[in-house]
Amino acid sequence: MEKTANGKKSGRILDFIERVGNRLPHPYILFLRLCLILAVISLLCSMGGVSVINPTTGDPVVANSLLSRDGFIWLLKNLLSNFQSFAPLGLVLAMQMAIGFAERVGLLTTAMRKAILGVPLWALTGTVLFLGINGSIASEASIIVVPSLAAAAFESVGMHPIAGLLAGYAATNAGFTACIIIAGTDVLLSGVTETAAQLIDPAIQVNATCNWYFMIASVFLLTIVGVFVNKHFIVPRLGEYRSPNADAVADQEITEIQGKALRNAGIFTILYILAFAVMVIPANGILRGEDGSILNGPFIAGLVPVLIIFFILVGVVYGVTAGTIKQSSDVPNLMAQALDGMTSYIVLVFVIAQFINMFSYTNLGMIIAVKSADALKAAGFTGIPLMLFFILLCCVVNLFMTSGSGKWYIFAPILVPMMMMMGYSPAFAQIIYRIGDSTTNAITPIYPYIPIAIGMAKAYDKDFGMGSLISMMLPYSVAFLLVWIVQLIVWVVFSLPLGPGVGVFL
């Protein structure tokens with residue numbers, strides 16, 4: 001890399017991607033154009049009679065045209081509901097309100113200054129990546145929480161906040177499927193895998209823990225690789241950063257009242273955790289599922305609201321003690337201030353929601369996935385070439401169809417039986433899919449959280465755009481993919497267990 005005048009280091013390929021990406025029109029205009037292109041493609045596919053058979057139900061799936069009477073009526077009926085039912089919108093606004101409130105009362109700044117004082121760069125980056133990769137415990141809420149906290153943490157110690165933001169975003173997206181404990185993703189995918197496996201062996205069972213050992217190892221491997229990428233690719237490209245109040249941040253010690261407020265917030269956090277532990281840990285806990293399990297219970301389903309309530313309440317405890325909250329009306333006022341700047345995101349979501357739902361209406365996502373899987377089957381690949389080809393196929397399909405569970409419903413009935421007939425376990429087929437599905441999340445242009453990441457970054461660099469994000473996510477995606485492939489090959493060669501009582505081979 002060569003150093004530029006502003007202290008940044010350049011790389012020809014990444015610079016090219018960044019320049020091209022940042023020359024794209026405003027995301028709102030971009031998605032409008034994508035909607036028009038999709039409409040034309042849907043018309044051509046419909047006229048051409050493009051269709052596939054749903055491998056799960058056996059029903060025919062035909063391409064629906066948006067430029068037809070039915071398509072026009074569908075759009076009129078669903079224009080508002082597409083926007084209102086866009087799940088990430090409520091999640092983003094609620095989490096931003098809660099986390100922003102905790103930040104504005106001073107809790108997050110004080111806590112991070114206390115926690116990371118004297119921590120070296122590699123350790124701070126590693127902590128961000130480790131927490132982000134395990135963020136799937138909190139579902140997609142981690143995609144908002146971790147990058148924003150990481151940016152603030154990096155800035156508070158004089159490091160480039162966007163470097164922290166990008167590390168958090170890469171971890172929560174490209175590393176989403178890995179986790180040191182069993183998460184909702186494991187439960188969801190294993191259920192689909194079991195159904196597909198029973199097409200070959202009706203008596204077979206696939207447990208949520210079937211990939212556990214592999215994913216535990218993945219967390220630590222991805223964290224190490226992520227630290228390397230951040231140090232050698234991201235930080236040099238970003239160059240030097242000087243916060244407007246860098247001297248104040250560097251010199252300011254935590255005051256006595258801040259220390260007391262932080263102590264009270266810590267006590268509240270312990271009590272909050274204990275309260276939920278009482279409702280979750282006992283066998284008859286009220287937040288366990290009807291079958292007595294935690295994973296299928298209301299605690300996991302309601303984990304995001306649990307986090308939202310926590311950030312608000314702990315912020316109140318800190319703010320009242322520190323004096324940043326003087327009267328009850330300060331609480332809603334600070335929450336409202338936390339949502340400043342979100343209006344542009346809301347406007348953008350309107351057109352993104354239309355595009356995603358239009359894409360679903362046309363059935364093109366399923367058609368692309370099924371035809372790709374059929375091509376894989378017809379190619380007759382076996383062994384490691386099959387694994388690599390399918391991983392790359394999932395990476396590509398993920399650029400057009402972002403729902404992980406939706407793709408697995410399509411791929412599982414093809415991949416799982418195919419792998420079983422070659423002597424591989426259903427759990428191993430699931431691992432192959434999870435790797436391909438996870439690594440390209442961070443560079444998928446239609447991903448609904450990309451505008452949020454760009455908006456966060458613009459707070460520190462007004463010129464930061466989609467090209468900047470994708471060009472800086474690409475090293476993470478490639479590195480995570482390569483290390484996962486190597487890990488997969490090692491597991492196959494040495495026939496290591498994927499989870500408790502589950503191996504690579506049947």
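**Close-up views of a predicted model**

**View 1. Aromatic pairs in the protein.** The count comes to 18 aromatic pairs. One of them joins Phe83 and Phe350, whose ring centres are 5.4 Å apart. Their planes stand at 65 degrees, so this pair is edge-to-face. Phe83 belongs to helix H3 (residues 69-84), while Phe350 belongs to helix H16 (residues 343-362). The pair therefore ties together parts that are 267 residues apart in sequence. Phe350 is partly exposed, because its relative accessible area is 26%, which falls between the 20% limit for buried and the 50% limit for exposed. The model shown here and in every other view is predicted.

**View 2. A cluster of rings.** Ring pairs link six residues here: Phe268, Tyr272, Phe276, Phe299, Phe310 and Phe311. Together they form a cluster.

**View 3. Helix H8 against helix H21.** H8 covers residues 161-173 and H21 covers residues 450-458. Their axes come within 10 Å. They cross at roughly 165 degrees. That angle is over 145 degrees, so H8 is roughly antiparallel to H21. The crossing of the two helices is right-handed.

**View 4. Side by side: the residues where H8 and H21 meet.** From H8 come Ile162, Leu165 and Tyr169. They meet Ile450, Ala453, Met456 and Ala457 of H21. By class, this contact has seven nonpolar residues. It has no polar and no charged residues.

View 5. Is H21 largely enclosed or largely open? Seven of its nine residues are buried, so H21 is largely enclosed by the rest of the structure. The buried residues are Ile450, Pro451, Ile452, Ala453, Ile454, Met456 and Ala457. What covers them includes H8 and H16. The cover also includes helix H4 (87-104), helix H7 (142-156) and helix H22 (466-493).

**View 6. The whole protein, for orientation.** The protein has 22 helices and four strands. It has 506 residues, and 51% of them count as buried. Consider contacts between residues at least 6 apart in sequence. Among these, 79% join residues at least 24 apart.

Conventions. Residues are numbered from 1 along each chain as its sequence is written. This is a predicted model: local features need pLDDT of at least 70, side-chain atom pairs count only at pLDDT 80 or more; totals for chains, interfaces and linings use all residues. Side-chain values use heavy atoms; hydrogens and water are left out. Rings of Phe, Tyr and Trp (its six-membered ring) pair if their centres lie within 6.5 Å; planes under 30 degrees apart count as stacked, over 60 as edge-to-face and the rest as tilted. Buried means under 20% relative accessible area, exposed over 50%, partly exposed in between (1.4 Å probe, protein chains only). Axes are lines fitted to C-alpha atoms, for helices over the stretch in contact, and angles run from 0 to 180 degrees between N-to-C directions. Angles under 35 degrees count as roughly parallel, over 145 as roughly antiparallel, 65 to 115 as roughly perpendicular and the rest as oblique. A crossing is left-handed if the near helix is turned anticlockwise from the far one by less than a right angle, and right-handed if clockwise. Contact means heavy atoms within 4.5 Å. Ala, Val, Leu, Ile, Met, Phe, Trp, Tyr, Cys and Pro count as nonpolar, Asp, Glu, Lys and Arg as charged, and the others, Gly among them, as polar.
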